Amino acid sequence: MNTVLMLSVLLAAGAEARPQVEGPTFCRDVAPILFANCTSCHRPGEVGPFPLVTYEDARKRARQTARICEKRIMPPWKPAAGRETFKNARILTDEQIAVLKAWAEAGAPQGDEADLPPLPKFPEGWHLGEPDLILTVPKPFVIPAEGPDIYVHFVLPLNFKEDRYVRACQVLPSNRRVAHHGVPILDASGTARRLAAKHGGDHYPNFGGPGFIPRGFLPGYAPGQLTMEDETDDRGLTLPKGTDIVLQMHYHPTGKEETDQPRIGLYFTDRKPKRNPCIVALANNDVWIPPGEKAFRRTDAFRLPVDFEVRDIWAHMHMIGKEVRVWADLPNGKRKELLHIPDWDFNWQESYLYAQPLVLPKGTWIRAEFVWDNSADNPRNPNHPPKLIEWGEGSTDEMSGLILGGVTVRPEEEWILWAAVIGHYFEMENKAKEAQKRRQQNPPAAGR
Ligand code: HEC
């Protein structure tokens with residue numbers, strides 16, 4: 001048989017076995033997009049409100065999926081910048097969105113099951129094997145069926161007699177349907193224990209901030225995220241003796257009462273890290289947002305006392321937050337954008353990990369601007385009609401916060417940075433208190 005003939009016989013056989021569907025099919029075109037971008041959260045037991053695993057799951061929601069993805073509501077990703085800036089970016093390409101749309105419009109054909117890629121393996125339990133130490137929240141925590149989102153801080157004392165070094169950490173909620181995020185925060189001040197005792201137990205409710213200045217953070221829980229050992233040899237994490245871990249959990253009611261009893265798995269190493277993770281914290285507590293105010297702005301700025309290598313960034317506001325912008329003014333006069341969230345959504349707050357670590361030289365000003373919308377036009381405004389909103393730790397108060405995580409370029413300068421961060425925090429607090437006193441003595445008619 002000559003080659004041309006062989007080829008046409010093969011092609012004919014193929015055409016007979018697989019009735020060719022014009023345009024995209026689930027098995028060949030849509031499933032790969034959903035499996036890579038959606039199924040980590042949209043499968044049974046996870047935070048997504050319905051599964052996107054089988055053909056039937058996807059067919060039922062074909063139009064909704066196309067619409068939500070076209071509006072870029074899903075996959076959830078709030079920063080304006082994408083994968084070139086942040087390695088954990090979740091963004092569909094325009095081509096992928098076009099496929100979802102064309103597929104929905106064509107009536108969601110299934111196509112040939114032989115084309116269906118295998119479902120990715122989503123690891124359950126401890127990703128790196130049995131941890132060296134497991135800390136468990138003492139009692140299951142009850143999340144009511146309805147109501148506002150819940151922030152709770154569980155205090156987990158370590159009671160170490162000496163410093164210990166951590167190479168990896170995993171937060172494992174027992175109920176991933178309700179758990180939006182979890183962040184282990186290090187408290188070296190004993191404040192968290194006192195706050196918990198005041199609330200009569202091992203946890204306290206602050207909405208947002210932990211109520212103390214964190215000594216550091218451990219890697220946390222976000223839906224679908226994998227646990228990694230720090231790939232750089234020089235950045236382990238020291239848990240100084242006397243430190244407590246405070247696990248901040250953010251829960252989103254699901255419509256039925258749920259419980260969660262999260263655990264933290266710690267993996268130790270004997271190797272003392274050359275550098276410890278450090279933070280830079282910005283905030284402005286002078287928050288006093290009159291009803292109807294469409295763009296209430298507050299800024300904060302911090303001057304780096306040492307060279308600092310930024311690895312990740314996390315921003316915080318509550319319900320009526322509208323926009324966050326963070327940038328660095330370098331000593332050479334250049335400006336670098338660090339984060340821009342143009343349409344703040346309280347539901348999606350996570351650490352954004354830079355694709356490339358960013359070295360900011362000593363003398364750099366890190367600046368943040370927070371904008372709130374307290375008008376009736378803001379669909380996320382909890383008050384109808386809008387009312388005055390002030391700084392506070394309740395779900396209908398407001399707050400601003402920003403944390404940059406990284407390392408000082410020179411390990412011995414860690415303490416210089418820490419002292420400056422603490423100093424800056426108290427300065428900011430004092431300014432906010434003075435502004436509040438001025439308002440009490442001389443109430444403004446409207447506005448600031
Ligand atoms: C990181 C977790 C996560 C990922 C990834 C994710 N979702 Fe979702 N999705 C959610 C959650 C949680 C909700 C419920 C609404 C909310 O909390 O924002 C949701 C809601 C939805 C809704 C309903 C939204 C509405 O307003 O009606 C659709 C449709 C949806 N997701 C589709 C997708 C598709 C398609 C993908 C992938 C391209 C995807 N999601 C990726 C977590 C996720």
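C169 is buried, with a relative accessibility of 3%, where buried means under 20% relative accessible area, exposed over 50% and partly exposed in between (1.4 Å probe, protein chains only). The model is predicted: local features need pLDDT of at least 70, side-chain atom pairs count only at pLDDT 80 or more, and totals for chains, interfaces and linings use all residues. Residues are numbered from 1 along each chain as its sequence is written, and side-chain values use heavy atoms, with hydrogens and water left out.

**Cysteines**

A disulfide is defined as a pair of cysteine sulfur atoms within 2.5 Å; by this rule the count is zero. C169 takes part in no disulfide, and the nearest cysteine sulfur, that of C278, is 18 Å away. C41 is also classed as buried, at 14% relative accessibility.

**The iron site**

H42, through NE2, and M74, through SD, coordinate the iron atom of the ligand at 2.0 to 2.3 Å. Donors are N, O and S atoms within 2.8 Å of the metal (3.2 Å for Na, K and Ca); water is not among the atoms, so sites may look incomplete. The arrangement is octahedral because the six donor atoms around the iron atom subtend angles of 85 to 180 degrees. Under the rule applied, four donors count as tetrahedral if all angles lie between 85 and 135 degrees; four count as square planar and six as octahedral if opposite donors are over 155 degrees apart and all others between 65 and 115; anything else is irregular.

H42 belongs to the loop between α2 (26-37) and α3 (55-60), and M74 to the loop between α4 (62-70) and α5 (94-105), so the pair ties together parts that are 32 residues apart in sequence. Helices (H or I, at least four residues) and strands (E, at least two) are DSSP runs, numbered from the N terminus. H42 is buried at 9% relative accessible area, whereas M74 is partly exposed at 27%.

**Surroundings of the ligand**

The ligand is surrounded by 21 residues, of which C38, C41, H42, Q64 and M74 are the closest; a residue is near a molecule or strand if one of its heavy atoms lies within 4 Å of it. Helix α4 supplies the largest share of this shell, with four residues.

| Side chain | Ligand atom | Distance |
|---|---|---|
| H42 | nitrogen | 2.8 Å |
| Q64 | oxygen | 3.2 Å |
| W348 | oxygen | 3.3 Å |

**The five-stranded sheet**

An open sheet has five strands in the order β6-β3-β9-β5-β7, paired in the antiparallel sense; two strands pair if DSSP finds at least two bridges between them. The edges are formed by β6 (203-204) and β7 (216-217), each with a single partner strand, so one side of each has no neighbour in the sheet. Strands β5 (residues 179-187) and β9 (residues 244-251) are joined in antiparallel fashion over eight bridges, and D187 has D244 in β9 as its bridge partner.

H153 lies in strand β3 (residues 150-157) and is buried, with a relative accessible area of 0%. Its side chain makes a polar contact of 3.0 Å with the side chain of Q248. A polar contact is a pair of N or O atoms within 3.5 Å; within protein, one must be able to donate a hydrogen and the other to accept it, and residues adjacent in sequence count only if both atoms are side-chain atoms.

**A buried loop residue**

Q349 is located in the loop between β17 (335-341) and β18 (352-360) and is buried at 3% relative accessibility.
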